[in-house]
Amino acid sequence: MPTNLPYETYGFRFNNYVNIHLPLCHLFAVGHDNINITHEQYRWHGLERQDGPLLLFQYTLEGNGHLDIDQQSLKIQSHQAFLTEIPSDHCYYYDPQQEGWHFYFILIRPHTILPFWNEIVQFLGRTPTLPPNSKPIQILEEIISAAHSGFITDEYVASAYVYSFVIELRKYAKVSPRPMQLPASITAAVQYIDQHYQNMIGQEELANQLGLSKYQFIRTFTKYMGVTPNDYLNRKKIENSLTLLLSTTHSLEYIAQEVGYSSASYYIRVFRKLIGQTPASFRSTKHQLQYDKLYFN
């Protein structure tokens with residue numbers, strides 16, 4: 001991907017960034033770099049840096065680099081980005097035996113945009129591939145160009161650029177979710193929950209069966225499924241209760257027990273949270289569509 005931007009890094013330290021009461025997006029640095037065989041020491045450890053907390057988005061234009069994260073060693077190739085937090089347990093670096101690493105990057109303080117960031121990582125993963133003409137990359141190039149030309153003159157202009165970039169990245173994540181190959185452990189967990197939702201074992205016991213710690217299981221399941229194991233289990237229970245609600249006259253207490261809830265009151269509370277109405281009102285609504293499957297957030 002050819003670009004006329006010079007290889008420069010631009011930092012920003014505006015006064016109002018220290019005012020935490022202003023909901024500004026804090027642009028910390030942005031740049032364009034080209035690492036080659038003369039940069040043998042290009043290596044950044046996420047737990048050793050002293051400039052955090054920060055969010056890093058780095059997009060490879062040409063060549064490749066390496067990212068060690070989540071007990072994986074990943075090769076970052078052309079048109080691939082990586083997203084990570086500083087500080088966190090990761091390391092990205094250049095292997096001088098490769099043909100170079102040409103990239104854009106942006107560093108942002110997390111306090112205003114962290115919820116967006118977490119959703120982007122949830123949908124795209126840590127190392128998404130984005131076309132060079134995609135809107136987020138175009139915006140990133142605009143930010144670097146504006147920084148080079150001296151157009152980012154205050155914290156408000158900087159905030160507008162950051163917000164635009166993050167919003168476009170979130171929109172891209174929504175319409176272009178990552179194609180995922182589920183780890184075998186998560187596939188097994190989903191199958192187990194689908195088959196045993198009525199008499200579900202505890203999360204720690206299920207994690208042990210999968211050879212994971214409880215923390216690893218919850219983190220990995222949430223990363224790949226977009227919801228926690230407990231949320232997935234509740235969705236499965238509520239989904240299966242709909243057929244009983246619409247096709248039988250069984251009591252709510254009976255239905256709650258059938259799908260694995262200890263009481264009708266707890267079943268009603270979860271149902272209302274997910275569906276937006278009580279089971280009784282859902283059942284009594286006249287002339288409603290008969291759903292084969294109901295999707296909910």
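Guide: Helices α4 and α6 pack with their axes 10 Å apart, at an angle of about 90°. Axes are lines fitted to C-alpha atoms, for helices over the stretch in contact, and angles run from 0 to 180 degrees between N-to-C directions. Helices (H or I, at least four residues) and strands (E, at least two) are DSSP runs, numbered from the N terminus. The model is predicted: local features need pLDDT of at least 70 and side-chain atom pairs pLDDT 80 or more, while totals for chains, interfaces and linings use all residues. Residues are numbered from 1 along each chain as its sequence is written, and side-chain values use heavy atoms, leaving out hydrogens and water.

At that angle, α4 and α6 are therefore roughly perpendicular to each other (65 to 115 degrees; under 35 is roughly parallel, over 145 roughly antiparallel and the rest oblique). On the α4 side the contact (heavy atoms within 4.5 Å) is made by Ile-186, Ala-189, Val-190 and Ile-193, and on the α6 side by Phe-217, Thr-220, Phe-221 and Met-225. By class, these are seven nonpolar residues, one polar and no charged (Ala, Val, Leu, Ile, Met, Phe, Trp, Tyr, Cys and Pro count as nonpolar, Asp, Glu, Lys and Arg as charged, and the others, Gly among them, as polar).

Helix α5 packs against α6 as well, at an angle of about 90° and with the axes 8 Å apart. This pair, α5 and α6, is therefore also roughly perpendicular. From α5, Gln-203, Glu-204, Leu-206, Ala-207 and Leu-210 meet Lys-214, Phe-217 and Ile-218 of α6. The contact of α5 with α6 has five nonpolar residues, one polar and two charged.

The remaining pair is α4 (residues 184-196) and α5 (residues 203-210), whose axes come within 10 Å and cross at roughly 135°. The two are therefore oblique to each other. Ser-185, Ala-188, Ala-189, Tyr-192 and Ile-193 of α4 touch Leu-206, Gln-209 and Leu-210 of α5. Six residues of this contact are nonpolar, two are polar and none is charged.

Of its 26 lining residues, the closest to the centre are Asp-70, Arg-126, Arg-219, Thr-220 and Lys-223. (On a 1 Å grid over the protein atoms alone, a pocket is an open set of points where a 1.4 Å probe fits, with protein on both sides within 12 Å along at least five of seven lines; lining residues have an atom within 4 Å of a point. Points are joined across faces, edges and corners, and the volume is the space filled by probe spheres set on them.) The lining divides into seven nonpolar, twelve polar and seven charged residues.

The phi of Asp-70 is near 50°, a positive value in a residue other than glycine. Most residues other than glycine have a negative phi.
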